[in-house]
Amino acid sequence: MSHEPTSSLVRFAMLVGAIEVSTGGGEIPTPVTSAIPLTEKLLINAGGWPAMKAARDIVKAGRVTEARYEPPLLTGFVREGIKNFRSGLRIKSADDVENLCTCWESRSSGKICGHSVAVGLALLRPVPAIVPEQPKIEETAAGPEFVALGMAKAKAAKLHLILPPNFMSAWAKGQVMLVVEAEVGANRTMISALPKKAAFACDESDLALIEGLREFPAIFSGGMGSSSRDAFLRFLPSLQNHPRVTFVKTTRVTISSAVVRPGLEIEQRENGGVTVKAKPMPNTMLLWNATDAWFLRGQEFVRCAEALPVGAAQLLDRPLQLEGDRALQFLAFDLPRLREAFDINASEGLRLPEVIPATPAFELRLAGTLNSVTGELLCTYGNRPAFKASTNEQDQFVFRDPENAARILLDSSSNARSAITE
Ligand SMILES: [Zn+2]
């Protein structure tokens with residue numbers, strides 16, 4: 001995982017910010033903002049209860065690292081699946097809190113997400129770092145050994161995975177009960193009833209299943225275990241093409257190794273905003289989390305689009321409406337990434353912007369008294385109002401070219417940063 005490098009622009013701004021010459025014995029300049037204390041109340045006010053609830057789960061799972069509060073900036077990293085991304089808040093006052101999370105979801109909706117609330121929460125209630133996704137080797141080592149077919153001294157065994165009869169209600173509760181049975185000769189028993197010191201020979205699909213089951217040690221000790229939604233979605237790939245998966249013991253379930261690319265429709269609205277929505281798929285249940293999405297159609301699980309951008313799965317669940325600069329940002333940066341996972345169908349009249357790296361003009365303004373001189377670096381692009389260079393550290397700065405509505409000018413100094421954080 002790489003940290004964001006400080007761009008040369010920001011480094012320059014920091015240098016300039018450091019031009020604060022004191023003539024000694026003079027009065028100390030009053031700080032512009034005083035630090036706002038970080039509290040749970042502030043986080044709830046900023047993000048609301050849904051974000052707080054998500055944040056508690058994130059903190060409990062030990063997914064926040066490097067949380068720091070250097071007012072007004074709260075920063076940290078949040079792990080989501082295999083991605084680790086930068087998150088945080090700019091707390092200007094108790095009522096003015098800006099989200100700095102780089103997750104796709106917050107960048108599209110502008111809302112304060114659970115990630116950034118989690119960074120604050122992690123500072124308020126630190127938990128010892130735990131690594132929940134590491135397989136617990138000692139526990140599985142206590143069970144029987146499973147080897148490839150053809151190895152000497154190993155009895156042939158076939159494994160059966162049994163899913164709950166009403167899968168969708170188990171999914172809705174976030175508790176999917178998994179039961180694993182082993183068929184050895186004429187006997188079929190719970191996997192936990194197999195002799196612990198014996199070795200069993202399995203076909204490739206069972207060996208893949210055993211690997212996937214290592215996340216559920218309870219299954220090796222008790223034959224069954226409950227899976228969260230996230231764990232179930234991580235488990236599904238190890239079941240692809242497994243011939244013995246059923247709902248209860250009777251209905252055969254297929255976990256396809258195919259990947260579907262769902263359709264995504266982008267509509268231009270009159271005010272320059274866009275609506276993004278998934279093409280409806282009849283008789284299909286969507287199973288999704290922040291990083292993965294699968295469809296359940298009848299008795300078949302099919303993976304939706306490998307390598308979904310973080311947060312993009314929720315597009316399949318509900319439409320997204322974007323206005324103004326957010327719509328522009330979406331069309332310029334998010335849409336190209338979504339194309340890797342979705343079949344994009346843009347409505348007539350939607351013009352995709354052309355992205356042009358722009359070079360800002362800099363202006364250094366010096367202000368102060370005899371005692372203290374402060375430098376401020378200002379940036380200007382085209383006819384856009386000047387802004388402070390140092391406030392640009394977290395923002396991707398885009399705007400429509402005043403001379404060409406189908407063109408986006410992108411701060412070329414932030415280009416490199418956004419490429420690194422994704
Ligand atoms: Zn986020």
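**Before selecting anything**

Residue numbers start from 1 along each chain, following the sequence as written. Because the model is predicted, local features need pLDDT of at least 70 and side-chain atom pairs count only at pLDDT 80 or more, while totals for chains, interfaces and linings use all residues.

**Whole chain**

Show the chain as a cartoon. It has 12 helices and 28 strands; these are DSSP runs numbered from the N terminus, with helices being H or I of at least four residues and strands E of at least two. Of its 422 residues, 31% count as buried. Buried here means that 20 or more other C-beta atoms lie within 10 Å of the residue's own; 12 or fewer makes a residue exposed, anything in between partly exposed, and C-beta atoms are placed from the backbone. Among contacts between residues at least 6 apart in sequence, 64% join residues at least 24 apart. A contact requires the C-beta atoms of two residues, placed from the backbone, to lie within 7 Å.

Now colour by pLDDT, the predictor's confidence in each residue on a scale from 0 to 100. The chain averages 78, and 73% of the residues score at least 70. Residues 390-395 are below 50, and this stretch has 11 contacts in the model beyond near neighbours in sequence. Residues 414-422 also stay under 50, with 15 contacts beyond four places in sequence. Where pLDDT is low, the predicted coordinates should not be read in detail.

**The nonpolar core**

Select V64, A118, L159, L161, A293 and L315. These have the most contacts inside the largest nonpolar core, which has 81 residues. Such a core is a set of buried Ala, Val, Leu, Ile, Met, Phe, Trp, Tyr and Cys residues joined through C-beta atoms within 7 Å. Helix α2 (residues 40-60) gives the largest share of this core, seven residues.

Centre on V64. Leaving aside neighbours within four places in sequence, V64 is in contact with I58, V59, G76, V78, A118, V119 and A122.

**Helix α4 and N99**

Move to α4 (residues 114-124). Nine of its 11 residues are buried, so the helix is largely enclosed by the rest of the structure. The buried ones are G114, H115, S116, V117, A118, V119, G120, L121 and A122. Their cover includes α2, β2, β3, β4 (83-93) and β5 (96-99).

In β5, select N99. N99 counts as buried because 24 C-beta neighbours lie inside 10 Å. Not counting residues up to four places away in sequence, N99 touches L89, S106, I112, C113 and S116. K111 is 12 residues from N99 along the chain, and their C-alpha atoms are separated by 7.2 Å.

Go to the loop between β2 (64-70) and β3 (73-80), where P72 is found. A cis peptide bond joins P71 and P72, with omega about 5 degrees.

Next, select V248, in the loop between β13 (245-247) and β14 (251-252). V248 is not a glycine, yet has a positive phi of about 50 degrees. It counts as exposed because it has 11 C-beta neighbours inside 10 Å.

Select β16 (residues 263-268) and β22 (residues 343-346), which pair in the parallel sense over four bridges. Pairing requires DSSP to find at least two bridges between the strands. L264 has I344 of β22 as its bridge partner.

β16 and β17 form a hairpin with five residues between them, and G272 in the turn has a positive phi of about 95 degrees.

Continue to N283, in the loop between β17 and β18 (285-288). N283 also has a positive phi, near 55 degrees. With 8 C-beta neighbours inside 10 Å, N283 counts as exposed.

**Helix α11**

Finish at α11 (residues 324-338). At 1.5 Å a residue, its 15 residues should span 21 Å, and the end C-alpha atoms are 20 Å apart, which agrees. The expected span is 1.5 Å times one less than the number of residues. α11 bends by about 40 degrees at L331, taken as the angle between axes fitted to the seven residues ending there and the seven starting there. Its buried residues are A327, L328, Q329, F330, L331, D334, L335 and L338.
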